[in-house]
Amino acid sequence: RKVVEGLSSMGKGSYAEAAARRKDFYYREQAEPHASRKVEILGKYPQMKELMGPEPLTKYIVLATVALQIGMAYLTLEWNWPAYLLAIYVVGATANHSLFLAIHELSHNLGFKKIEHNKMFGMVANLPIGIAYSITFKPYHMEHHRYQGEDGVDTDIPSWLEGWAITATSSSYVEHTAKKFIFMFCQILAYAFRPMLVKPELVPKDKWIVMNWVVQLTFDFSIMYLFGWKIMLYFLLSTFFAGSIHPTAGHFIAEHYVMEGTTETYSYYGPLNYLTYNVGYHNEHHDFPNIAWRNLPKVRQIAPEFYNDLPQCKSWPGVIFRYIFDDSISPFSRVKRSEKKK
């Protein structure tokens, strides 16, 4: 089994002495690996179909997390700034990142049987995040699954402009490292704005997006009316740090950045999965996006020969460290393929 070390063992050399810095993306004409592997696994293990469908526990975890965030936002109102920011980073960012991934589960209709119930409950999970996005997230994420790596379609891939600004224009290891640090610190902004800039036509224009914003703004203004503006600061900073240099945010890099050969999807089986709806089981998730988080470990248990020998990520924090300090890793470390006719 190949393990993608966060703090990769590279002999006596440093990250600065790693492989040459890429000047462009990896390009591949072959189809993404998940659809064919799903067919192969189902042919060998038809009982995998029994794992498919919603997970009832999700709604209770979401409600508890939302309650935790509202309680923490109120509890910390009078705390001094060092303690306040520490609480936001340790509790708030972790909780909001968990809610990001609850919304991810709900986008796959894995919280409830009916699509509309998943959409409505996604708005509940959205509340402590502070900005309405649960409805907008779904169409972009579905494109990522259907057309993984396809140029101009999969907006999970950094744009060429990001690669140019961060990597192509860097004249030294120090400059490249500094730019990657800044990107990692602010990466939530890239994930928020890149999809809408690359494919604005996918932004929903229906009653659901209106409802998402009405529910969110009603919550935001109501809670500020009751407790003052600082309570909203707790939610927004929690969201920012949840997508910044935070242990749980390592999965943004770990999932699809090429860290080993030309492999384009990696799973992580460590303890942070307990906080993130098992999103680390990422090969399993892409193979079976209609299997809820609680059953994803069972996919690997049933079909270990399909997963145990794939390159794995050992550490999300380690991957963040490697992304920043390994000169060969950059926004260009992603696989692209030609857009197929739909």
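Before sorting any lining by class, I note the rule: Ala, Val, Leu, Ile, Met, Phe, Trp, Tyr, Cys and Pro count as nonpolar, Asp, Glu, Lys and Arg as charged, and the others, Gly among them, as polar.

**Ground rules.** I'm looking at a predicted model, where local features need pLDDT of at least 70 and side-chain atom pairs count only at pLDDT 80 or more, while totals for chains, interfaces and linings use all residues. Residues are numbered from 1 along each chain as its sequence is written, and side-chain values use heavy atoms, with hydrogens and water left out.

**Cavities.** Points are joined across faces, edges and corners, and a volume is the space filled by probe spheres set on them.

I found two cavities of 30 Å³ or more. Gln148, Gly149, Asp154, Ile157, His256, Glu264, Arg334 and Val335 line it, which I sorted into two nonpolar, three polar and three charged residues.

The largest cavity has a volume of about 40 Å³. Its lining includes Leu101, His104, Glu105 and Tyr277. By class I get four nonpolar, four polar and one charged. Helix 3 (residues 81–107) gives the most here, with three residues; helices (H or I, at least four residues) and strands (E, at least two) are DSSP runs numbered from the N terminus.

**The largest pocket.** I noted a volume of about 910 Å³. Which of the 34 lining residues are closest to its centre? They are Tyr133, Phe137, Ile188, Tyr191 and Ala192. Helix 8 gives the most to this lining, with eight residues. The lining divides into 20 nonpolar, 10 polar and four charged.

**A helix pair.** Next I checked helix 5 (residues 134–146) against helix 9 (residues 207–227): their axes come within 8 Å and cross at roughly 140 degrees. Axes are lines fitted to C-alpha atoms, for helices over the stretch in contact, and angles run from 0 to 180 degrees between N-to-C directions. So helix 5 is oblique to helix 9, since under 35 degrees is roughly parallel, over 145 roughly antiparallel, 65 to 115 roughly perpendicular and the rest oblique. Ser134, Ile135 and Thr136 touch Trp208, Ile209 and Asn212, contact meaning heavy atoms within 4.5 Å.

**Salt bridges.** I looked up 13 of them, each a side-chain nitrogen of Lys or Arg within 4 Å of a carboxyl oxygen of Asp or Glu. Lys44 and Glu305 form one (2.8 Å, N to O). Lys44 lies in helix 1 and Glu305 in the loop between helix 13 and strand 4, so the pair ties together parts 261 residues apart in sequence.

Definitions and conventions
1 Å grid on protein atoms, 1.4 Å probe; cavity = no way out; pocket = protein on both sides within 12 Å on 5 of 7 lines; lining within 4 Å.
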